[in-house]
Amino acid sequence: MLAGALGGGGLTSCNLVANRFQMATSTAGITAPFTSRRTHYAHSAGAITNLRCFDSNRYLSSTSASAGGGSHTRKKYIEYPVDVFHQVKWSSATTIALTASSRVKSDVVVSSVTGLPLVIPAGTKFWERTVVTVGASAAVPVFVTPAGSNVLSIDDGNDASDKGNSGTITPTTGLNTFGSQGITGDVAANGARSFVLIGDSLTFGQGDITAVGAKDSSGYIARLMDALGYPYMKWAMGGQQATEQAGLAASINADLAQIGFSDFAVLSGLNDLRLSRTKAQVQADIQTLFAMSNVGSARKWANTLTPRSDSTDSWATTANQTAKTDGNMADLTPHNTDVRAGLANAFGFIESADAAMSARDSNIH
């Protein structure tokens, strides 16, 4: 249901233009100077240009709270191709000071080679390098990967020096990097699509520890985005419930004001059922998220929920699995039935349950 043409000629403006963006879910004490390098892939539909970086000094401090990081100053470069650097500026300044509540968007990134807005070809790998230039052990919001970059064979890395526009940064053995929460711009294609993904540990990619998707993404939904060539930004954390996300709607909405996107998917609900909330409550929370003002006219997607089961043979066979019945898991099949029938205000749904279950509504893997 998500598949379709990526587009031909024309232009799509001001949307997310690359993958691997997410809400920070922790902080790390960073002492300046310190550089973090993160990998992204440009939209598959067409070349991207007029890039603007959105940096937030906020993070999810728990499953039910959003908080601000420590005050610090940063600078940033886009690296494309390898070892060619293009400085990011904010109102023509080369650095930006962030306070606990900061959400900032850069000027259009200009090529250091041509002096014109930077252009990156469709589907091409590029990097951002973000440098903390001022800050004594500042609590910097960080993006957490399920395993070290060296294990996942991705280029993300850190260096305790200023390597914003020079030097090699090796993949990190740790889980934390930092940088932009999103990069927006123009895509040289009509109808180029990009997604905001609201979810829990499955969306976050928890446990996806041995490999990544086609374009370095973790978690099954992000892997799907990689396969289809769609940029995305994830708001996801292990253990998070739809009710908690509905309670964070104002904070989510403030982030969404900084980015453009064509599609908005709510993937949460399994933790709610596990903790005894009903399908009616889950679906009400989905509607709260759909109704956020900055979702606007984006296509809204619901999601069928995947199973939870016990196994006596480490899930080697279906015969030795038993569907969990704790909490309100009895509502799993009724909820999925409602999603397939079409929730109010939903453009469509993502069929995750069928992909994960042994048969439709078996409720085992």
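These notebook entries record what I looked up in a predicted model.

**Basis.** I worked from a predicted model, in which local features need pLDDT of at least 70, side-chain atom pairs count only at pLDDT 80 or more, and totals for chains, interfaces and linings use all residues. Residues are numbered from 1 along each chain as its sequence is written, and side-chain values use heavy atoms, with hydrogens and water left out.

**Entry 1, the sheet.** I first traced the open sheet, in which six strands follow the order β2-β19-β18-β20-β21-β24 with parallel pairing. I took helices (H or I, at least four residues) and strands (E, at least two) as DSSP runs, numbered from the N terminus, and two strands as paired if DSSP finds at least two bridges between them. β2 (21–22) and β24 (348–350) stand at the edges; each has a single partner strand, so one side of each is left without a neighbour in the sheet. I then looked up β18 (residues 195–199) and β19 (residues 232–236), which run parallel and are joined by five bridges. Within this pair, Ile198 stands opposite Trp235 in β19.

I listed the buried residues (under 20% relative accessible area, 1.4 Å probe, protein chains only). In α3 (residues 220–228) they are Ile221, Ala222, Met225, Asp226 and Leu228. These buried residues pack against β18, β19 and β24. Just after α3, I noted a positive phi of about 80° at Gly229.

I found α7 (residues 279–290) lying across β18, β20 (263–266) and β21 (299–303), at about 155° to β20. Axes are lines fitted to C-alpha atoms, for helices over the stretch in contact, and angles run from 0 to 180 degrees between N-to-C directions. α7 packs with α8 (residues 332–341) at an angle of about 40°, their axes 10 Å apart. The contact (heavy atoms within 4.5 Å) is made by Lys279, Val282, Gln283 and Ile286 of α7 and by Pro334, His335 and Asp338 of α8. I sorted the residues of this contact into three nonpolar, two polar and two charged.

**Entry 4, a hairpin.** I turned to β8 (residues 72–79) and β9 (residues 85–88), which run antiparallel and are joined by four bridges. Lys76 stands opposite Val88 in β9. The two strands, β8 and β9, form a hairpin with five residues between them, and Asp83 in the turn has a positive phi of about 70°.

How values were computed. Nonpolar A, V, L, I, M, F, W, Y, C, P; charged D, E, K, R; others polar. Buried < 20%, exposed > 50% of the residue type's maximum accessible area, 1.4 Å probe, protein only.
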